Amino acid sequence: MIKSKLVPKKIVEELDKYIVSQEEAKKNVAVSLRNRYRRKEIKNETLRKEITPKNIILMGSTGVGKTEIARRLAKITDSPFLKVEATKYTEVGYVGKDVETMIKDLVAVTITKLKNQKIESLKKEYYMSAVENTAKKLNNLDTLNDEFKNELINDILEGKYDDEMVEVEKPKSSNVGAPIVEVVGAGDEREIGSVLENIMSTFDGNKKSKKMKLKVKDAIEFLLNKEINENIDMDEIIPQALKTAEEDGIIFIDEIDKIAERENSGRSEVSRQGVQRDILPIVEGTTVMTSYGPVKTDHILFIAAGAFSEADFSDLMPELQGRFPIVVEMKDLTKEDFIKILTDVEFNIIEQYKTLLEADNVEISFSKGAIEKIAETALKLNDNVENIGARRLAGIVELVLRDIMFEAPYDEPKKITIDKKYVEKIFKDQFEDENLDKYIL
C-alpha cells in the first residue's frame, strides 16, 4: 500500500480487519502514523527535524489487542518492527548499554528486511538466466542457438526435465547456492555481522571448486541463489537500513508498567528505576553507535504497553511520562467482541481450523449457538482462572476440535457440524468439578 494513501481512516479500516473494538487506540496510532508521513513532506528541513513522533502508551489487560495493534500497524506501513519487554532489562541490572540493544536489534531487523526485499527483486531479475544456464548444462554446451534454446527453456519451464540430472560447480566450504533468505531475529548485532561475513565469504575466488549433480529443478534454484550471492550489495543495503530504522522504525515496549517505581518500594525496585532512566534518552532522542554506523532515535516511534494493574502511569518517572504524551486505556473484551474475533476478523481462528481440516477432507461448520457458547466459556474462564483476553479463544477451540483432529482423516470425506450441545458436552465435566487448573497458562 502506498504510504501517501494511508490516511488515518484507511489505517483504522485495515486495523479493523484484525482487531476487534479498541477504537480509541486505533485512532491514536493511525494519527501518529500519518503524522510521520506529514513530517516527511515538510520542505523546511530545520522545522522537519524539530517535529518528533508522539509516542503512545496502551493501558489494558492481557489479550485486549495491545501487541496486535502495534504489530499490524507496522505490517500495514511496511515498517521495521521490534518488540521488547521492559522487564528484560531488569534481569541483568541497569547498565545503559543493555537498553541500547533495542536500537541495535531494530537495525538488525531492518537490514534483514531490506536484504530479503532485495533478494526477491534479484530472484525475478535472474531467474531466466538461471534457467538458461541450466539448459546449457543439460546439453553440456557453452552456447545454444536461439531456436533450440527457446524450445528447451520452454520445456524446462513446463517441468519436462525436472528430474533430469545436471552437473554444477560448487566452491568448497561455501554456502553458495544455499538459500540466502535466512531469518535473523532480534539478538546480538554480532550475529548479523557473522551472517554478512558468511555471505561475503562466498565471493572468495581462491576457493577450489568441486562438481556435484543435481536435478534440473534443484539446479535452477542453486544457480539462482549463486547469482543472487554474487550480485547482492550489502554496502548499498546497510546505509539504507540505517536511515529506514531511524525514519520508519517502530519499537513496541511491553510490560512498561513492571518498571514503574511503586510506593514503599525497596531495594528490589532499584533496577526498575535504573531501566527507566536508561530508556529515557532512547525515547527522548539520542545517537546509538552500532557496528554499521550511528543511529539517531529521535524519529523512531515508540509504543509502550502494560496492564497497570499494580502500578499507575503516574508511577513512571515524570520525564518518561512526558515522552509518552498519548495514553490510551483499552477496554476489556466482551462476549460480543469474542464472537467477532471468532468469526469476523480476517483469518479468524475458526477459519484457520476449517482450512487445516480441509487438508484431511473434513468439512467443519459451527452453529451460531456453538460460537456463542465458546465466547461465554472464554469469558467464564477469564473470570474464574486468569484474564488472558482473546488468547483464551484459541485454547477453547483447540479443545472443542481435539477429538475430531485426532480421528481425521476418516475413511471418506466427512462433514461435521459443531453445535451448542457439542460445546457444552466438552466443558460440562470441567465446570462441574471446577477442574480449571488446565486452563492456567
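This is a predicted model: local features need pLDDT of at least 70, side-chain atom pairs count only at pLDDT 80 or more; totals for chains, interfaces and linings use all residues.

Reader: Where does Phe-308 lie, and what about its phi?

Author: Phe-308 is in the loop between strand E8 (301-306) and helix H11 (318-322). Helices (H or I, at least four residues) and strands (E, at least two) are DSSP runs, numbered from the N terminus. The phi of Phe-308 is positive, about 50°, although Phe-308 is not a glycine. Most residues other than glycine have a negative phi, and most peptide bonds are trans. Phe-347 also has a positive phi, about 55°, and is not a glycine either. You'll find Phe-347 in the loop between helix H12 (335-343) and helix H13 (349-358).

Reader: Which peptide bond is called cis?

Author: The one from Ala-408 to Pro-409, with omega near 5°. Pro-409 sits in the loop between helix H15 (391-407) and strand E11 (414-418).

Reader: How do you know whether Leu-316 is buried or exposed?

Author: Its relative accessible area is 2%, so Leu-316 is buried. Leu-316 is in the loop between E8 and H11.

Reader: What does Leu-316 touch?

Author: Contact means heavy atoms within 4.5 Å. Leaving out residues up to four places away in sequence, Leu-316 touches Ile-57, Ile-256, Ala-260, Gln-276, Phe-308 and Gln-321. And the C-alpha atoms of Leu-316 and Ile-259, 57 residues apart along the chain, are separated by 7.7 Å.

Reader: What makes Glu-247 count as buried, exposed or something in between?

Author: Glu-247 has 22% relative accessibility, so it's partly exposed. Glu-247 belongs to helix H9 (residues 234-248).

Reader: How do you know how the span of helix H2 compares with the expected one?

Author: The expected span of a helix is 1.5 Å times one less than its number of residues. H2 (residues 23-40) has 18 residues and reaches 26 Å from its first C-alpha to its last, close to the 26 Å expected. The buried residues of H2 include Ala-25, Val-29, Leu-33 and Arg-36.

Reader: What makes something a nonpolar core, and how many residues has the largest one?

Author: A nonpolar core is a set of buried Ala, Val, Leu, Ile, Met, Phe, Trp, Tyr and Cys residues joined through side-chain atoms within 4.5 Å. The largest here has 64 residues, and those with the most contacts inside it are Met-102, Ile-103, Ile-251, Ile-253, Ile-279 and Phe-302. Helix H5 (residues 96-138) gives the most to this core, with 15 residues. Apart from it lies another core of 33 residues, among them Leu-342, Ile-364, Leu-381 and Ile-404.

Reader: Why is Arg-72 said to sit over the ring of Tyr-18?

Author: A charge sits over a ring if NZ of Lys or CZ of Arg is within 6 Å of the ring centre and within 35 degrees of the ring normal. The charged end of Arg-72 is 3.7 Å from the centre of the Tyr-18 ring, and counts as sitting over it. Lys-414 lies over the face of Tyr-410, at 4.4 Å from the ring centre.

Reader: How many helices, strands and residues are there, and how much is buried?

Author: The protein has 16 helices and 11 strands. Of its 441 residues, 46% count as buried.

Conventions:
Residues are numbered from 1 along each chain as its sequence is written. Side-chain values use heavy atoms; hydrogens and water are left out. Buried means under 20% relative accessible area, exposed over 50%, partly exposed in between (1.4 Å probe, protein chains only).
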